Structure formats: structure tokens, C-alpha cells
Amino acid sequence: MMRIIFVLLVSILSLFANPIASAAQDKLEVVELDYNLYAIINPQGGNIAFLVTRKGVVVVDAGSTPQNGRDIVEAIRAITRKPIKYLIITHLHGDHVNGIAGFPQDIKIIAHKDLEKNNEIFNQENLANYMENVLPEHLASLKKQLDTISDTDSQEYGELMNTYNAHVDYLENIKQIEFRKPDIVFEDYYRFKLADERIMLEYPGPGHTSDNIVVKFSNHNVIHTGDLVFDGSFPYLIIEHGVDVYNWVRILDDLYKENINTVIPGHGEIGRKIALKDQSDYFKNLSHRIEALMNAGHDLNEIKKRISISDFRLKGNEDQLPINIEVIYSELNNKGRDWWKF
Ligand SMILES: [Zn+2]
């Protein structure tokens with residue numbers, strides 16, 4: 001049990017930005033997807049979408065830190081001077097919400113009704129622990145390592161010093177994180193118009209998290225899936241955050257049948273509709289393999305040993321594969337294998 005808690009802690013912590021990545025301040029890349037509709041490739045957090053209308057801008061997701069949020073606002077400003085009116089948050093994870101403090105104060109935040117509760121239960125405590133314990137301890141150990149290097153002109157010292165400074169900056173950055181209450185919350189659907197644009201938000205039930213929503217830009221046949229799609233990397237599955245792989249697959253298969261041209265995934269390459277199918281196929285293949293190994297009499301540990309990272313053409317979040325196996329294994333056991341059929 002202790003080990004599971006540790007794995008969970010590590011995996012939640014990695015939902016924050018990587019301090020070293022955020023130290024490299026490259027301008028964020030903006031991709032035009034359709035008339036007035038853009039995506040921002042955000043290596044420091046989740047991918048962003050923004051829609052420009054006569055009456056203002058609608059943004060999807062806020063990035064991983066206040067600085068990341070400011071960089072996102074700056075990238076939007078390079079395209080339009082129209083005010084940002086709405087910020088839609090796809091789900092509770094830090095790499096999608098912690099940039100909110102970098103946005104203007106007068107925006108309206110829209111999210112699923114459970115986001116605020118999830119922020120209180122998971123994010124605030126986690127962040128406090130991260131700022132008060134995890135990062136300071138890490139800084140202290142980096143400082144110790146620095147003190148053991150006598151040649152302060154050496155490359156080793158210089159590199160370690162850069163890492164240390166990046167973490168100090170990162171700590172200052174995340175101290176500015178604000179947990180703002182969403183201004184508009186909804187349970188199943190929320191539709192609104194801004195100028196000539198129709199925006200449709202849907203809660204498809206739990207998948208990646210208990211509060212994950214899908215954002216549809218109806219005039220463009222483009223959707224932002226939040227982390228219901230990790231294109232090209234292993235997905236994050238966190239039991240405490242309400243993961244439901246079975247329902248997740250159904251959500252993806254339903255979306256794939258819809259009249260959608262372009263998918264903006266939470267993470268990974270922007271634009272591929274087929275990413276919906278790829279994500280679904282990943283879960284189906286993995287669950288079929290786990291089921292076959294269960295039927296052959298193997299226990300969870302043995303199953304984990306028999307399924308390896310190299311069996312998949314995915315890169316990134318490799319530490320998630322054993323957790324993915326654990327979650328699907330427990331769903332197969334709890335829900336019943338006959339029911340868990342695709
Ligand atoms: Zn997520």
C-alpha cells in the first residue's frame with residue numbers, strides 16, 4: 001500500500017510543470033487551425049485553444065504555472081488585441097489550471113461543477129506540500145551537492161547551479177498560483193454564443209478525471225479534448241481523481257463517430273482526429289492483453305512484468321504504464337470481465 005501511495009504522489013507531482021523546462025523561456029508556438037481558431041503548443045503544460053470573435057476571445061486551459069499563463073496570454077496578444085472574455089478549464093490537473101493567475105482578473109472561468117471541489121480536495125493540499133516540503137527539501141539537497149564541488153568554475157558546478165536557480169525561480173513562480181472559483185459551472189452541457197461563434201461544452205462522464213469536459217467549437221468542427229487524449233505518450237490514470245477507463249473508451253469511440261475534423265488533445269500533436277481512435281485502441285489493446293494474462297492465471301505483478309514499454313509506439317510518461325495496468329486490472333476485477341467488453 002505504501003508503494004502505491006508513493007507512486008501516486010510522484011505521479012501527481014509530475015502533473016506540475018518541469019522546472020527545468022519552464023526555465024527555458026522560448027516563445028510559445030501558435031497554430032492556426034481554422035478561421036479565427038488557434039491552438040498553442042505548450043510544452044510546459046497542456047495544449048491551449050483560443051477562438052477570436054468580434055466580442056472577445058475564448059481560451060481553453062491556462063497552462064501549468066502563473067508564468068506559463070502569462071506566456072499564453074502574450075502568445076494570444078500577438079494574434080489579437082481583443083480582450084480575453086472566457087477561460088474554459090478542461091479538468092483539475094495542475095498543468096491545465098495553475099496558469100490562471102497569469103490571466104487578466106476580469107475573465108470569466110467556466111468549468112465542470114466538480115472542479116472547485118476537486119481543487120480543494122486535491123490541488124490545494126498538494127501544492128502546499130510541494131511548496132513547503134518537497135521543493136525546499138529538493139533545494140536543500142541540491143545545495144548540499146553544490147557544497148561538495150570545490151571547483152566553482154567547473155562545468156559540473158555551473159550546470160548544478162543552473163538547476164538550483166531554475167528550481168528557486170520555479171518556487172517563486174508557483175507561489176503565485178491562485179485557486180479561483182469558476183464563475184460559471186455546469187453539470188452535463190453548457191452552450192453559449194459569443195458574436196457569431198457557438199461554443200458547446202459537454203461533460204461525457206468520468207474518463208481521465210471525474211470533472212473532464214470536452215470543448216466543441218461548433219462553427220469549425222474542432223474539439224479540445226483535454227486529457228481524454230494523450231497523443232503519442234502514455235496517459236495519466238489517477239484513481240483518486242475518478243479515472244474510469246471503460247467509460248473513457250466509450251467517450252472516445254462516440255466522439256470519433258461525430259462530425260469532427262480536428263482534435264486538440266490535452267497533450268501531444270495538435271490536429272489529428274485519428275488520435276481519438278489511437279487513444280481508444282491503446283486502452284482496448286492493453287485491456288485485452290491484461291485480460292488474457294489474467295485468464296492464464298497470472299497475478300498483477302506477473303502481468304506488469306509481461307507487458308513492457310517497448311510493446312507500444314509511445315514516448316513520454318513511461319512511468320505511467322504500470323499504473324495504467326494496475327487501474328485496468330482493478331476495473332476488470334471490480335466491474336466484471338464479461339461486462340468489460342468492447
Ligand atoms: Zn490531466
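Buried means under 20% relative accessible area, exposed means over 50%, and partly exposed is in between (1.4 Å probe, protein chains only). This is a predicted model, where local features need pLDDT of at least 70, side-chain atom pairs count only at pLDDT 80 or more, and totals for chains, interfaces and linings use all residues. Residues are numbered from 1 along each chain as its sequence is written, and side-chain values use heavy atoms, with hydrogens and water left out.

**Exercise 1.** Work out whether N317 is buried, exposed or partly exposed.

*Solution.* Start with the place: N317 sits in the loop between helix 9 (300-306) and helix 10 (321-335). Helices (H or I, at least four residues) and strands (E, at least two) are DSSP runs, numbered from the N terminus. Next, take the relative accessible area, which is 24%, so N317 is partly exposed. One more thing to spot: phi of N317 is near 55°, a positive value in a residue other than glycine.

**Exercise 2.** Find which residues coordinate the zinc ion, and why the arrangement is irregular.

*Solution.* Donors are N, O and S atoms within 2.8 Å of the metal (3.2 Å for Na, K and Ca); water is not among the atoms, so sites may look incomplete. Here H91 (NE2), H93 (ND1), H208 (NE2) and D227 (OD) coordinate the zinc ion at 2.1 to 2.2 Å. Now check the angles: four donors count as tetrahedral if all angles lie between 85 and 135 degrees; four count as square planar and six as octahedral if opposite donors are over 155 degrees apart and all others between 65 and 115; anything else is irregular. The four donor atoms subtend angles of 89 to 164°, so the arrangement is irregular. Finally, H93 and H208 are both buried.
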